[in-house]
Amino acid sequence: MIVGEIVIYMDNSATTKVRQEVVEAMLPCFTEQFGNPSSIYHFSGADAGKLINNSREIIAKCIGAKSNEIYFTAGGTESDNWAIRSVAKMLRGKGNRLITSKIEHHAVLHSFQALEDEGFDIVYLDVNEYGQVDLEQLRNEINEETSLVSIMMANNEVGTVQPVAEIAKIAHENGALFHTDAVQALGSFEIDVSRMGIDLASFSAHKIYGPKGVGALYVNNKVNIEPFILGGAQERKKRAGTENVPGIVGFGKALELLDGELEFHQKHLREMSNLLIQRITSEIDNVVLTGHPSERHPGIASFCFEFAEGEAIILDLNFAGISASTGSACTTGSAGASHVLQAMGISDMISHGSLRLSVGYFNTIEEVNTVVDVLKKSIKRLRKMSPLCD
Amino acid sequence: MYTDKVLDHFQNPRNVGKIDDADGIGEIGSAQCGDIMKIYIKVDENDVISDLKFQTYGCGAAVASSSVASTMLIGKSIDEALKFRNRDALEALGGLPTEKVHCSVLAEDAIRAAIWDYSQKSGKKFEGLKNYEPAARH
């Protein structure tokens with residue numbers, strides 16, 4: 001919700017501003033290189049098919065994959081749906097069991113719930129208070145009937161990073177494939193699918209300063225994945241539909257830029273989120289940092305404030321031109337608070353005061369300090385109004 | 001998504017606070033969204049609410065509906081105040097987004113709880129409290 005002009009954007013886990021270089025790379029695809037990649041004639045300059053393959057190579061190189069293992073999709077949600085639902089159905093012969101966690105993005109959770117309705121046996125792994133999956137429980141639950149394990153790389157709400165290489169190893173020891181939703185991790189972590197043992201991974205462009213409406217699914221060549229969308233020969237007959245050429249070009253450009261400055265990006269984000277955490281936890285009482293204290297996404301700082309409700313905090317920040325988000329029940333559109341905070345064992349009352357600040361490429365230390373100053377005033381104002389603070 | 005009136009009452013809530021020598025105090029919590037509202041009333045010799053203060057823990061809609069309700073209840077007789085309904089606050093705010101309507105359900109119950117407390121303390125009976133169950137909660 002926006003109640004005024006946003007001056008400081010600190011909701012980069014929701015989506016990001018597109019970098020100017022990305023916009024410039026995309027623009028010719030609308031008016032000059034607008035040809036259909038499936039057409040056999042050529043436009044002047046690079047043809048659309050070459051542009052797509054250039055982006056494919058950038059993404060493959062960035063994650064240590066082969067370019068024919070990258071399929072473009074309409075976004076992270078489609079990638080998750082495709083990976084999970086197709087693998088589950090393809091490997092039904094092996095068994096009926098699928099394993100995921102309680103803190104996955106809804107694109108993953110709802111895909112598994114749909115499979116559960118179709119008779120699959122789904123195990124939703126618990127997480128500890130920091131949001132890390134229980135590896136012991138995974139070892140106990142995984143069996144020879146298990147065809148797929150899907151665990152996200154970095155959580156979008158609290159930033160906790162999962163030990164994906166270890167999880168992949170456990171999956172493989174039991175003959176299961178491993179999928180990871182890496183939407184939030186791309187651009188902030190070094191991802192090497194072969195070293196990490198990842199068989200399938202979902203990515204999205206708009207979280208890394210690229211355009212909305214485009215994502216990718218990495219599928220290891222050993223997995224002959226079934227198509228999810230039918231109707232044409234695009235993406236090696238696996239994902240039909242005329243390619244989103246401008247989006248794909250923008251995705252490639254955004255990742256190329258970020259890959260070249262990954263260390264700087266990580267350090268810049270880490271410096272800002274560390275300052276947020278340090279100042280907020282030392283200058284405001286009755287606040288807890290949610291997520292893992294060290295194994296966390298460099299750009300995500302999430303908190304729960306006692307005696308101040310999350311949506312009210314967001315509104316106060318909005319009035320000061322700051323955008324952020326909350327997992328409070330009052331904004332999730334459901335009766336309960338965020339499923340991630342619930343799974344971490346945070347009480348409903350505490351999670352009502354949740355706030356996520358997610359910094360990105362365009363944020364500055366100065367903005368961080370402004371946000372903390374405004375936040376302090378808001379918490380003070382809301383607590384003064386609260387009957388819980390007497 | 002919120003009307004200007006909602007935003008105004010959220011930013012500048014009227015009648016926030018406590019009354020130390022209140023004649024009645026009512027506190028209501030909504031289990032559905034965790035909001036809590038506490039109302040303090042002063043009642044004069046004619047059974048008119050001469051002053052009212054409130055404290056609310058909750059989202060923007062909860063704070064704004066508490067605030068607008070407080071402005072509508074001061075100066076009302078106890079009998080009139082017992083006829084106050086949440087939709088009156090909703091109307092005064094120019095409406096709320098559908099998914100936020102349930103956040104505006106505190107004031108009606110909180111004022112009844114405060115009046116019930118007043119009736120217990122003063123020994124007065126009010127027609128509007130005839131079937132009132134003090135334990136009733138959302």
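# Reading a predicted two-chain model

Student: With 18 C-beta neighbours inside 10 Å, how does B:Asn15 count?
Tutor: B:Asn15 counts as partly exposed because it has 18 C-beta neighbours inside 10 Å, and a residue would need 20 or more to be buried, or 12 or fewer to be exposed. Keep in mind throughout that this is a predicted model.

Student: What is the phi of B:Asp47, and where is its place in chain B?
Tutor: For B:Asp47, phi is near 60 degrees, again a positive value in a residue that is not glycine. The loop that holds B:Asp47 is the one between strand S2 (36–43) and strand S3 (49–57) of chain B, and B:Asp47 is partly exposed, having 16 other C-beta atoms within 10 Å.

Student: Turning to chain A, in which helix is A:Glu283 found, and with which residues is it in contact?
Tutor: A:Glu283 belongs to helix H11 of chain A, which covers residues 262–283. Once neighbours within four places in sequence are left aside, A:Glu283 is in contact with A:Val372 and A:Lys376. A:Glu283 counts as partly exposed because 13 C-beta neighbours lie inside 10 Å, and its C-alpha atom is separated by 37 Å from that of A:Leu255, 28 residues apart along the chain.

Student: How should I read a sheet, and in what order do the strands of the open sheet in chain A stand?
Tutor: As a general idea, strands of a sheet pair through backbone hydrogen bonds, either parallel or antiparallel. In chain A, 7 strands form an open sheet with mixed pairing, in the order S2-S8-S7-S6-S5-S3-S4. Strand S2 (70–73) and strand S4 (121–125) of chain A stand at the edges, each with a single partner strand, so one side of each has no neighbour in the sheet. From one strand to the next, the twist averages 20 degrees.

Student: In which sense do strands S6 and S7 of chain A pair, and what packs on the sheet?
Tutor: Strand S6 (residues 177–181) and strand S7 (residues 200–204) of chain A pair in the parallel sense over 3 bridges, and A:Asp181 stands opposite A:Ser202 in S7(A). Helix H4 (residues 76–90) of chain A packs on the sheet, touching strands including S2, S6 and S7, and its direction makes about 160 degrees with that of S7(A).

Conventions. Residues numbered from 1 in each chain as written. Chains lettered and ligands numbered in written order. Predicted model: local features only at pLDDT ≥ 70, side-chain atom pairs only at ≥ 80, totals over all residues. Helix = DSSP H or I, 4+ residues; strand = E, 2+ residues; numbered from the N terminus. Contact = placed C-beta atoms within 7 Å. Pairing = 2+ DSSP bridges. Axes fitted to C-alpha atoms, helices over the stretch in contact; angles between N-to-C directions.
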